[in-house]
Protein chains: 2
Amino acid sequence: MSERAVTISEVARHAGVAVSTVSYVLSGKRAISADTRRRVLDSVRTLGYHPNAGARALASRRSNVIALVLPLRVGMHVPVLMQFATSVVTEARRYDHDVLLLTADEGSDGLRRAAASALVDGLVLMDVELHDSRVPLLKDLAEPSVLIGFPADSAGLTCVDLDFARAGTLCVEHLAERGHREIALLGAPSVVYERGTGFARRTREGFAVAVAETGLTGVALPCEEDFDRVCAAIGDLLDARPGLSGLVVHNEAAVNHVLGALRQSGRRVPDDIAVVAICPDDIAERSSPPLTSVLIPAEEVGHQAVRLLMEKLEGRAVPDGTLLQPRLTVRAST
Amino acid sequence: MSERAVTISEVARHAGVAVSTVSYVLSGKRAISADTRRRVLDSVRTLGYHPNAGARALASRRSNVIALVLPLRVGMHVPVLMQFATSVVTEARRYDHDVLLLTADEGSDGLRRAAASALVDGLVLMDVELHDSRVPLLKDLAEPSVLIGFPADSAGLTCVDLDFARAGTLCVEHLAERGHREIALLGAPSVVYERGTGFARRTREGFAVAVAETGLTGVALPCEEDFDRVCAAIGDLLDARPGLSGLVVHNEAAVNHVLGALRQSGRRVPDDIAVVAICPDDIAERSSPPLTSVLIPAEEVGHQAVRLLMEKLEGRAVPDGTLLQPRLTVRAST
DNA sequence: ACCGATCATCGAAGCGCTTCGACAGAGACG
DNA sequence: CGTCTCTGTCGAAGCGCTTCGATGATCGGT
């Protein structure tokens, strides 16, 4: 156990300057002579000084902490969430900020508490639904926020997301180029659509539009995540549409079950049926065969969200909506 | 955007009492008459007062924030991590604390920074390795900490974990009871063993001890997480040990691939080969067939970790090591 | 040699809260 | 009726930092 923490006034005494001078050296907000700066920084290092976060927050009205609000419900694919979370933390550290973890089950109260107590300077919300109860609160809060995902009424909000509609379109176009005429989309579990989660619907819409434009035939179905129901769904689908030769899977948890079901039904991938997934690269690479996939750029989304939030914290204007372009990687499954 | 935040002195004025009285009402640290308390609480509600976190931390030397240090490396099964994380957040909120998210890739510096700046009152570290570089620092820090997992030298530290050795033993005993004589353990990817991660090794040891004690024959193998290598490993294993009839799988990411590989090789579960998994219930339930499994009680581990940390924050003594007992649920796979 | 800029530094006033010691008023007790 | 002990409340002193305005010192321009 170590003793009481070093304070700025001890640093000042040690360096033979005023407290305010130390502060200005550390913040860079006023010009300081090279000589003084060096002396102060030496003292900081010698004494092992770390500014007290509470005092800093109180005096500067900035906590240098942002809130990350994670959804923790069923039907979310957790590894992707985690990628978002880590990229948010990493990027926040680059801006000298820390991340406070809030879970969505505290609801709006949690957000209000964190914001009103000046615990955080800003908020990043993940997995925003089309009709999200937290959205009105957000508009009301003094603290800036960035949403990952788009609510129905995004006016006045800053939102970032992968362009899922485009992702759906890309998959269809890729299958069309490969000569497939009859295709299907296996999406999220139906509860996710019912909840009105934006990304699931937008993919489906992109799929539908592209199917129409390319003149293919295609159906979009929800997809549960246990092996037996995936098997059943695939069985029904293949029975109902014997001409089906292409599959788009937008469900990280189910994608391996889909491959298992196809194997079991004797269909070879890609010879009998081609599969494109919308999922992280590591899942696509670990499957057998490795899947042609559209990557969800979790890292970039997180980075962008933090970058936008920092801009807003500096008082700069930022675009309302940022859509990140998906990229399709061809692997062995198409 | 709302206006400046309400302060305690505005509440005091509104209620017609001194600032300190408001503080005592809110903290309960001194007796306050029922009448005064009511008036103050009314004012708090009317004005929408939220104490400023920075000011509170500065004056009380307590931030009411704990750090959660998450590993974010390969080979960790992320959904389990996430369960830990949410249970930590949930439980911390019960004690009126918030959670600051730190990633292990900032290393010891991150811990030191958060602790030295009084950003956090205490730390919860996840996925501690046998020889973890952060352990010495932790012993040196004034802030109390709790580890999830056991390092080699846990003297003076507070550690919580599932009793993985017992989990390994349970699986073996279950298979022995079912009459299996020749079994195998498929564990984590080999890189995890090389890193010296405790839980993987402890399971293997529990497995080995139980195999010896029950007089079975058994091998323990690492297990990679892509389908093709799982298939190959299973193929080799079945060739090498034709009498093998029981499998313990301690690898959440690979367990479905294992089932796929068995299906593909024509083995039926449980008729030809029985499978016990050490994994969360939801994975076990979604597999086909649903797996007999030993549950990792992520929620309880997180709760315990926070509870222990809170005890330490109050200055109370706590046990050095807490092992949570695993529970085996029988399903269709054995 | 003088004036106004410019630069580097200082001192002091808070930021909003907790907590300590002080102190009236009310009972209890002899 | 004086003294002692509680109770409930208050005022003020910080907690460690940022930031504003002030103050010398330095310097180029005239």
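**Close-up views of a predicted model**

**View 1. Helix H8(A) crosses helix H10(A) in a right-handed sense.** In such a crossing the near helix is turned clockwise from the far one by less than a right angle, anticlockwise being left-handed. Helix H8 (residues 164-177) and helix H10 (residues 198-214) of chain A pack at an angle of about 35°, with axes 6 Å apart; axes are lines fitted to C-alpha atoms over the stretch in contact, and angles run from 0 to 180 degrees between N-to-C directions. Helices are DSSP runs of H or I with at least four residues, numbered from the N terminus.

The model is predicted, with local features needing pLDDT of at least 70 and side-chain atom pairs pLDDT 80 or more, while totals for chains, interfaces and linings use all residues. Residues are numbered from 1 along each chain as its sequence is written, and chains are lettered from A and ligands numbered from 1 in the order written.

**View 2. Residues around DNA strand D.**

**View 3. Surroundings of Leu68(A).** Leaving aside residues up to four places away in sequence, Leu68(A) touches Leu101(B) as well as residues of chain A, including Ala85(A), Val99(A) and Val124(A).

Technical notes:
Near = placed C-beta within 6 Å. Helix = DSSP H or I, 4+ residues; strand = E, 2+ residues; numbered from the N terminus. Contact = placed C-beta atoms within 7 Å.
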